[in-house]
Amino acid sequence: MQGNTGDWQTFQVVRKKHETEMIASFHLAPCDGMDVPTFRPGQFLTVRLPAGEGGVELLRTYSISSPPDERRFFRISVKREPAPAGLSVPPGRVSTHLHDHVQVGQNLTILPPRGDFVLSEPSQRSVLLLSGGVGLTPMVAMAHRLAAQGTRRTWFIHACENGRAHAFRDEVASLAARAANLRTYACYNRPDPADREAGAFDAEGLLTAEKLQSFLPIDDYECYLCGPPGFMQALYATLIGLGVCEQQIHYEFFGPASVLKSGKTSQGEANATASQAAPAVGAGAIVTFARSGFSVRWDERYNSILEFAEAHGVSPDFSCRAGVCSTCRCALRSGAVTYFEEPLAEPGAGMALICCSRPDGDVTLDL
Amino acid sequence: MFLRNCWYVAAHDRGVGRALTPTTILDEHIVLFRTADGRPVALEDACPHRKLPLSKGRLHDAAVECGYHGLAFDGTGHCVAAPTQGNIPPSARVRSYPLVERYGMVWIWMGEPEMADPATIFSVPNDGDPAWGRTHGGVMELDCNYLYVTDNLLDPSHVAWVHVSSFAGAGTESQPLKIDVSDRGVVVSRWMMDRAPPPYYGPMLRFSGNCDRLQHYEVVFPSIGVNKSIFTPVGTGGSAEILDPRAFVNISYNFITPITAKRSRYFWYQHRNTDPLNEEITRRMDDGALAAFLEDRDILNAVQIGMDEARTPHLDLGLDAGALRFRRALQRLIEAEATARRDSGST
């Protein structure tokens, strides 16, 4: 059968480290003592938590933050998502569980690295790594690779609240100290007095076009963008405004744009999903994941809408992946799909089976 | 729930003789026997008087006599004697089922008798070819619905878990399966190139080294499984039609006859293109098939209970794709048959 979601593997937590008050890293090593599978910097792991009291499995994707040359373990770095103030929604279930209950020596079930938000190689263009908050995790893996290669001029540009929320500052600083091609730029929204004393940041407030222009030389940049939705939208517009062509802007949302295994969305969860559509990049039909709140251009390399959704962090319910069980049936809010495998049972008007179909023009899915 | 206008295997021909043999097919009670001149007969197994099974009576030359009051019925189901009264009531008759002997088995037509055409009996290619060897085969009953058996016959993936001992070394296989749905049934198949021959088949191959291998799992309507294996020298595989002269072909025929909704009868034999007279190979293959089918039976009987008693939903997986397409296609045929029966006013 198509796809590789049968490849769940058990990894052991060999180290747990608090990077900041809210972000913890987990080092995951294969239980059989072998090397970890190779990955491309920027890719993510899918973590599965077994069904708990609610009776549903929970899936989340976390970018790998470890150096691509580190073969003993993967590192993922997880932000605890508390319940938002003033709203009666629970805290993020998976992040809370990982922070509070997963310790060294325990096992986690993961899928091998996936995702196509990856450092373009062997391009020799200069690189802008632009991250907001915990969106810096894939950038750390990319920075390791770029520093090791030592050839492409690279800016590691990070926006966060203050020094207490600034993960991997020392790791990236030491990379920059050793690699002449790597420079860093930190923009704190509300720096602490201690940050001012230490001179820990380069700029204050939001990251704006003016700030970028103040230090970035004019160049032909390959840009990588990861952060919360507001950051993404602002920076995307900024980069376009600065004349970067859209083919050279790669981006990934973070946070649970995924849904629960039961088919319910995570909209009630604390870390709300990306709330507005991002500009889509590339050619082809636009696939809108309405509940998750984003749109992406269809990519012909994916076999089905289901695979495409998973690659973008959405985890629709499924079982057979062969058009016969109807588990992945979902509402088609607009547009049409074409089936490469005839569904065994008609999905019904306004519905689609996404494991055996591809978009026929722009589509909006109730996912 | 059953397709009726089609031929099922009622028995091996060696299983029908000069004795009254009760059986149940598609929920219908039937008595099988041979007349004195050797013709097989299948009658409704219930005397029209008080429904005593005729199989509890006595067999005479060409008629069966009820063991209660001596009503006797010939091979067509007509009453030929009513010894307690002078006249035979015109309505004293039992249903007679069309039978045909072919491939060493007795085939029964469960539908409307006027539609019974022996030309529509499942066709076995190379039957009677002296170059081909045939096993003795066997029969067993399973305590499960016949569609769990057809599921199993369209699912190569269970081999790695169920037939750990009998077909050892089958392992898992990443080569994807191709599913073809046709008017005849469903085929799930794949060619696997340049593989080591499995130990079970290795000694029968007329070439050394690796092989290209076809796995062909087919179920033909209503419920006949054709499991074809081809082993051919590396580089000669890819087509089941044009075969290298050294290719080894083994076809397992599996004839599933529903008894009731939860009981099935399974007849089988195997047909190979080598060693037609080699009794040792025949015995080895008979033993291997029986061991494997007993393993299947153990699982399928428990599946029926598990599904009957399920308190939570079950899953359909990708491996079920061929089986579920078969079930759907067969269901359509069954519904079409029921519609035609209603339209024609019969029951």
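## Chain A at a glance

Chain A has seven helices and 17 strands. What you're looking at is a predicted model, so keep that in mind as you go. Chain A runs to 367 residues, and 43% of them count as buried.

Take the contacts in chain A with a separation of 6 or more: 65% of them come from residues 24 or more positions apart.

## Where the two chains touch

The contact between the chains draws on eight residues from chain A and 10 residues from chain B. Sorted by class, the chain B side of it has five nonpolar residues, four charged ones and one polar one.

## A cis bond in chain B

Over in chain B, have a look at the peptide bond from Phe221(B) to Pro222(B): this bond is cis, and its omega is near 5 degrees. You'll find Pro222(B) in the loop that links β15 (211-220) and β16 (224-233) of chain B.

## Two aspartates with positive phi

Chain B also has Asp27(B), a residue other than glycine with a positive phi, near 70 degrees. Asp27(B) sits in the loop between β2 (21-25) and β3 (28-34) of chain B. Is this spot buried, exposed or partly exposed? Asp27(B) is partly exposed, because 13 other C-beta atoms lie within 10 Å.

Then there's Asp275(B), whose phi is positive as well, near 40 degrees, again in a residue other than glycine. Look for Asp275(B) in the loop between β18 (263-272) and α3 (279-308) of chain B. Asp275(B) has 17 C-beta neighbours inside 10 Å, so it counts as partly exposed.

Terms used: Residues are numbered from 1 along each chain as its sequence is written. Chains are lettered from A and ligands numbered from 1 in the order in which they are written. This is a predicted model: local features need pLDDT of at least 70, side-chain atom pairs count only at pLDDT 80 or more; totals for chains, interfaces and linings use all residues. Two residues are in contact if their C-beta atoms, placed from the backbone, lie within 7 Å. Ala, Val, Leu, Ile, Met, Phe, Trp, Tyr, Cys and Pro count as nonpolar, Asp, Glu, Lys and Arg as charged, and the others, Gly among them, as polar. Helices (H or I, at least four residues) and strands (E, at least two) are DSSP runs, numbered from the N terminus. A residue is buried if 20 or more other C-beta atoms lie within 10 Å of its own, exposed if 12 or fewer, and partly exposed in between; C-beta atoms are placed from the backbone.
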